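Colleague: I'd like to learn how to read a model like this one. Could you walk me through a few features?

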Amino acid sequence: MSIQFEKLHHVQVCVPFGSTDRAKAFYCHILGLQEIPKPASAVGKGGFWVKMADIELHIGVEASPGGSKRHPAFIVKDLEGARTYLTKIGVPIQEETPIPGRKRFSFFDPWKNRIELMQFD
């Protein structure tokens with residue numbers, strides 16, 4: 001038997017307790033992601049969920065998030081347009097190790113969650 005993966009459903013990143021409003025400003029307003037309702041069973045855990053394309057990003061809350069190699073990587077239609085936009089609004093870009101056949105870079109949210117954007121050649 002083997003696992004037959006179909007697609008990425010969601011990724012979770014975390015922000016500190018008490019910073020949900022600031023996180024919504026970053027993810028919903030700056031990045032333009034759509035907030036989606038959490039199921040009733042998850043509402044009491046804090047944080048919020050957003051969606052882009054058919055992928056969910058769950059923003060959780062915890063005491064000491066960020067600073068890890070963990071990250072989501074999203075394929076985008078216009079990598080250079082995304083780079084220009086993020087740079088223009090002051091979000092620092094981190095160049096990544098080149099991988100043949102793809103272009104990519106990362107940026108960090110205000111809590112040091114790394115987010116990679118990529119486009120295949």
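This is a predicted model: local features need pLDDT of at least 70, side-chain atom pairs count only at pLDDT 80 or more; totals for chains, interfaces and linings use all residues.

Colleague: Where is serine 106 placed, and which side chain does the side chain of serine 106 join in a polar contact?

Modeller: Helices (H or I, at least four residues) and strands (E, at least two) are DSSP runs, numbered from the N terminus. Serine 106 belongs to strand β7, residues 102–108. A polar contact is a pair of N or O atoms within 3.5 Å; within protein, one must be able to donate a hydrogen and the other to accept it, and residues adjacent in sequence count only if both atoms are side-chain atoms. Here the partner is glutamate 96, at 2.7 Å.

Colleague: What about salt bridges: how many does the count come to?

Modeller: The rule asks for a side-chain nitrogen of Lys or Arg within 4 Å of a carboxyl oxygen of Asp or Glu. The count comes to seven salt bridges.

Colleague: Which residues does arginine 83 pair with?

Modeller: One is glutamate 80, with the closest N and O atoms 3.1 Å apart. Both lie in helix α3, three residues apart, about one turn of the helix. The other is glutamate 95, at 2.5 Å, N to O. Glutamate 95 lies in strand β6 (residues 93–95), so this pair ties together parts 12 residues apart in sequence. Arginine 83 itself is buried at 18%, whereas glutamate 80 is partly exposed at 43%.

Colleague: And which residue meets lysine 7 in a salt bridge?

Modeller: Aspartate 54, at 3.5 Å, N to O. The pair links distant parts of the chain, 47 residues apart: aspartate 54 is in the loop between β3 and β4, lysine 7 in the segment before β1. Lysine 7 is exposed at 57%, and aspartate 54 is partly exposed at 42%.

Colleague: How should I read phi?

Modeller: Most residues other than glycine have a negative phi. Alanine 53 has a positive value, near 50°, and lies in the loop between β3 and β4. Lysine 112 is also positive, near 70°, in the loop between β7 and β8.

Colleague: Last one: what volume does the largest pocket have?

Modeller: Rolling a probe the size of a water molecule over the atoms shows where empty space is left. On a 1 Å grid over the protein atoms alone, using a 1.4 Å probe, a pocket is an open set of points with protein on both sides within 12 Å along at least five of seven lines; lining residues have an atom within 4 Å of a point. Grid points are joined across faces, edges and corners, and a volume is the space filled by probe spheres set on the points. The largest pocket comes to about 510 Å³. Of its 23 lining residues, the closest to the centre are Leu33, Met52, Phe74, Val76 and Leu117. Helix α3 gives the largest share of the lining, four residues.

Definitions and conventions. Residues are numbered from 1 along each chain as its sequence is written. Side-chain values use heavy atoms; hydrogens and water are left out. Buried means under 20% relative accessible area, exposed over 50%, partly exposed in between (1.4 Å probe, protein chains only).
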